[in-house]
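Please examine the model displayed below. The paragraphs that follow lead through its strands, its aromatic contacts, its disulfide and its backbone exceptions.

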Amino acid sequence: MKCHRFTRASLRALSLSALSALSVLVPATASAELLAMLNYESKVGQPNRREGIAVIDVDPNSPTFNQIVKDTPLPPDFVAHHIYYNKDVTKAYVTSLGHTELYVYDLSKFPEEKTVVAVPDCKVGEDITFSDDRKHWYLSCMGSNNVIVGDARSDKPIATIGNDGASDKFIKYPHGVMLNDELDRIFVTSTVNPNDLNDAGETVSVIQASTRKILSTHKLSYKPSPSGEAPVEIAFIPHRKPQIAYINNMNGGALWTATWRSETEDFRFQRVFDFAETGQSIPLEMGFNEEVDRLYITTAKPGAFNIFDIADPYKPKLLSTIPTAGGAHHFVLSPDHRYAIVQNSFINLPEMDDGSVSVIDLHQNKVVATVDVLKKAGLTPNCIIAMPNWYKSDH
């Protein structure tokens, strides 16, 4: 689930409150360079495993396009997965599948200064969401079936949201996590057992943020259990009333909606699109344009970038499918909305580990350039996130 985009409408968190935080990232006009931060790891089969974070120029019109302008190493067993900015866009949080830690970078001094935050109760740290009041963050832990609550100022864990033994209200293999402050609700997806990727979940759970209590758990499949649908990411449609969230089922290849019902203070769920009809599978990342009439979704197999008309959110109309490369996952949009820049690697899995980054011209709806500097070095990126507009290559 959740990396910043170059535009306000394409933040990984994708909540209305998060969109306002990204406004500081957007220059008034297109820059001479578009810098993106990508965490990378060695492709399978390389003799010496390597991890790190690179800042790369991804602007196809820049003289330094496809060049690494900053590079910082990570421990080879860290298994860095996602990168998030806090609400102030002053810190970058890097989650780890391999360590019970978060790395928190001071963006003004990146990459020279970082804080290592111990989260001993978290195994396989995945996604992070932040509260609008800038006081808390919430980290999903797929290997320990819980969510860690942290103080967003001190970056110290302060609470753990876990299971209390109820059979009908639970957290299992949590990946996607999304806080909606207005509704006082946190969504958590049940994705897959990180140890073998075989035991997949089929539910989403709703937590009351103020009390940190699990309120309900909902099956997102019309198939008999266990369906193995693996809900993975959640995105609330900005400015929409009643509030509606989209949820991707990774293994099920389906898009669902969750609609808030104010009279009963709960959600109604329904499936609204089936990727099987398009010959695609493993839908992953979601984002919106600024007008919020388009929904973008990547699919990892085969790699593609999909554009939907969501004038009717319950009947998304597929306008275009743009082939990228195997493992299409996270993406960013250029400030002028001319380009979508798609990172092609999904946890280094076979047929989904291309290692390139596709630059899509959204006027022509086709790939016009490729960032392959990591791929040529035997590396593959796991996430892409926009650098703040004030960060320059000579920073």
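A residue is called buried if its relative accessible area is under 20%, exposed if it is over 50%, and partly exposed in between, with a 1.4 Å probe and protein chains only. This is a predicted model, in which local features need pLDDT of at least 70 and side-chain atom pairs count only at pLDDT 80 or more, while totals for chains, interfaces and linings use all residues. Residues are numbered from 1 along each chain as its sequence is written, and side-chain values use heavy atoms, with hydrogens and water left out.

With burial so defined, Phe308 counts as buried at 0% relative accessibility. Phe275 is likewise buried, with a relative accessible area of 0%. For the relation between these two rings a further rule is needed: rings of Phe, Tyr and Trp (its six-membered ring) pair if their centres lie within 6.5 Å, and planes under 30 degrees apart count as stacked, over 60 as edge-to-face and the rest as tilted. By this rule the count comes to 17 aromatic pairs. In one of them, the rings of Phe275 and Phe308 have centres 6.0 Å apart and planes at 85 degrees, so the pair is edge-to-face. This pair links distant parts of the chain, since Phe275 lies in the loop between S19 and strand S20 (281-288) and Phe308 in strand S22 (residues 303-309), 33 residues apart. Strands here are DSSP runs of E with at least two residues, helices are runs of H or I with at least four, and both are numbered from the N terminus.

Strand S19 also belongs to a sheet. Two strands pair if DSSP finds at least two bridges between them. An open sheet of four strands has the order S16-S17-S18-S19, and its pairing is antiparallel. Strand S16 (231-236) and strand S19 (266-274) are the edge strands, each pairing on one side only. From one strand to the next the twist averages 25 degrees, where axes are lines fitted to C-alpha atoms, for helices over the stretch in contact, and angles run from 0 to 180 degrees between N-to-C directions. Within this sheet, strand S17 (residues 244-249) and strand S18 (residues 254-261) run antiparallel and are joined by six bridges; Asn248 has Leu255 in S18 as its bridge partner.

Trp260 and Phe267 form one aromatic cluster together with Phe187, Phe236 and Phe269.

Through Phe187 the description passes to another group of strands, as Phe187 stands opposite Val206 in S14. Five bridges join strand S13 (residues 185-190) to S14, and the two run antiparallel. On S14 there are also six bridges to strand S15 (residues 213-219), again in an antiparallel arrangement, with Ile207 bridged to Ile214 in S15. Strand S14 (residues 203-208) is largely enclosed by the rest of the structure, because five of its six residues are buried.

Two contacts between a charge and a ring also deserve attention. A charge sits over a ring if NZ of Lys or CZ of Arg is within 6 Å of the ring centre and within 35 degrees of the ring normal. The charged end of Lys114 lies over the ring of Tyr103, 5.0 Å from its centre, and that of Arg268 over the ring of Tyr314, 5.5 Å from its centre.

A covalent link comes next. A disulfide is assigned to a pair of cysteine sulfur atoms within 2.5 Å, and the count comes to one. This disulfide joins Cys122 to Cys141, with an S to S distance of 2.1 Å. The torsion about the S-S bond of Cys122 and Cys141 is about -110 degrees, so the disulfide is left-handed. Cys122 lies in the loop between strand S7 (114-118) and strand S8 (125-130), whereas Cys141 lies in strand S9 (residues 136-141), 19 residues apart. Cys122 counts as buried at 1% relative accessibility, and Cys141 at 0%.

The backbone remains to be considered. Most residues other than glycine have a negative phi, and most peptide bonds are trans. The peptide bond joining Phe110 and Pro111 is cis, with omega about 0 degrees, and the bond from Lys241 to Pro242 is also cis, with omega near -5 degrees. Pro242 lies in the loop between S16 and S17. Leu197 has a positive phi near 65 degrees and is partly exposed, with a relative accessible area of 38%. Glu265, in the loop between S18 and S19, has a positive phi of about 50 degrees.
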